[in-house]
Amino acid sequence: MKSWPPPEVPPLPPGGRTLALFDSARDGVHPTAPEDPARMYVCGITPYDAAHLGHAATMITFDLINRLWRDAGYRVDYVQNVTDIDDPLLERAARDHEDWVVLAMRETALFREDMAALRILPPTHYVGAVESIPDIVARVARLLGDGVAYRLDDGTGDVYFDVSAAPRFGYESHLTRTRMVELFAERGGDPDRAGKRDPLDPLLWRGVRDGEPSWPGADLGPGRPGWHIECAVIALELLGDRIDVQGGGNDLVFPHHEMSAAHAEVLTGHWPFAGHYVHAGMIGLAGEKMSKSKGNLVFASRLRADGVDPMALRLALLADHYRTDRQWTDDLLKAGQERLARWRAALGAPAGPDGAALLAAVRERLADDLDSPGALRSVDAWAEAALSGEGTDPGAPALVADTLDALLGIGG
């Protein structure tokens, strides 16, 4: 699947820091220790509507990780998926009397445009679930052959994963079993499905149904894959048995990331699947999480169409820490626009305070679990001093501009 064009990233002087990130599994901030290349998998969109600001904020979070690793001298092998076959996509297409393939292609194209406008570094591999079905079929067949998956005997052809095969299941989310069952039901699972060994067993392969698209499944029979196994297989095929970061919004901790990690660990025998499980907070509107099901969405594309500078939007979303659940307001956008104007005015000054000191400060703040509010405050202080005529470093504005572009993704 086609990604989007990469923005130019200016080189910075040596001195990148070791990046520390909060790991949901260990419930604390720990240094990342990737090999070269660093390996990151981020769960992408289900393309049945335009990308909203929650998507944008999540992608900006992992863009910062990508940039910080690169600044520290690592190559980055980054995979992002598109769930281009799933029940919500089919339901939206049926509601709107539209071909689900056309809907998915249109919304994926719009997402790519949003990401390019926001100066998100594109993934190394941008992969749809549909194109990965042959690999998924092979992995599900292996789980069946190993006795850790089973087919229901109700004639549907549905295949489920036996969570008892993953003895550490639950280590990432730290939830009680009761809460797991509740969330599983709320987030696409089927704990009450008759014939399952355990209410928490997730679907691996859905047998063919009338009126639904399906693909050849070899010995599995025709059908389509379950959600969690898609991400596990794509990551294993492209990144290997273990990765440095598995990421997404915090609504994916359970069941999606818990279950996809369990699939990967049982398939490979390696634990943990990821060195860090990293989760971004939710963006809300009027006191509720921004979501397609609630219909309370603010779209990045709509703001761009209304003339909002994507860099002001990016700054607005960087103003709070990535792990914080927060509300989107007009005042937040206004503050981002005003901050961008101040920074650009300061960058136009003939000189300013020490640019190397500002670079070091931004690196330090971002290396500490992506402390973007702290990084922004450091730039604010530099900008105010430059606008006040303080500082005599004629090279500072150029170095600071490169710093903002390379590390924060604020260009132009």
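How many aromatic pairs does a search of the whole structure find?

Modeller: A search of the whole structure finds 7 aromatic pairs; rings of Phe, Tyr and Trp (its six-membered ring) pair if their centres lie within 6.5 Å, and planes under 30 degrees apart count as stacked, over 60 as edge-to-face and the rest as tilted. The model is predicted, so local features need pLDDT of at least 70 and side-chain atom pairs count only at pLDDT 80 or more, while totals for chains, interfaces and linings use all residues. Residues are numbered from 1 along each chain as its sequence is written, and side-chain values use heavy atoms, with hydrogens and water left out.

One of the pairs is Tyr150 with Tyr160, which is stacked because the planes stand at 25°, with the ring centres 6.3 Å apart. Tyr150 belongs to strand S6 (residues 149–151) and Tyr160 to strand S7 (residues 159–161), 10 residues apart; strands (E, at least two residues) and helices (H or I, at least four) are DSSP runs, numbered from the N terminus. Both tyrosines, Tyr150 and Tyr160, are buried, where buried means under 20% relative accessible area, exposed over 50% and partly exposed in between (1.4 Å probe, protein chains only).

Tyr171 and Trp271 form an edge-to-face pair, 5.3 Å from centre to centre with 70° between the planes. Tyr171 lies in the loop between S7 and helix H5 (177–186), and Trp271 in the loop between helix H7 (253–268) and strand S11 (274–280), so the pair ties together parts 100 residues apart in sequence. Tyr171 is buried at 15% relative accessible area, whereas Trp271 is partly exposed at 37%.

The charged end of Arg168 sits over the ring of Trp271, 4.0 Å from its centre; this term requires NZ of Lys or CZ of Arg within 6 Å of the ring centre and within 35 degrees of the ring normal.
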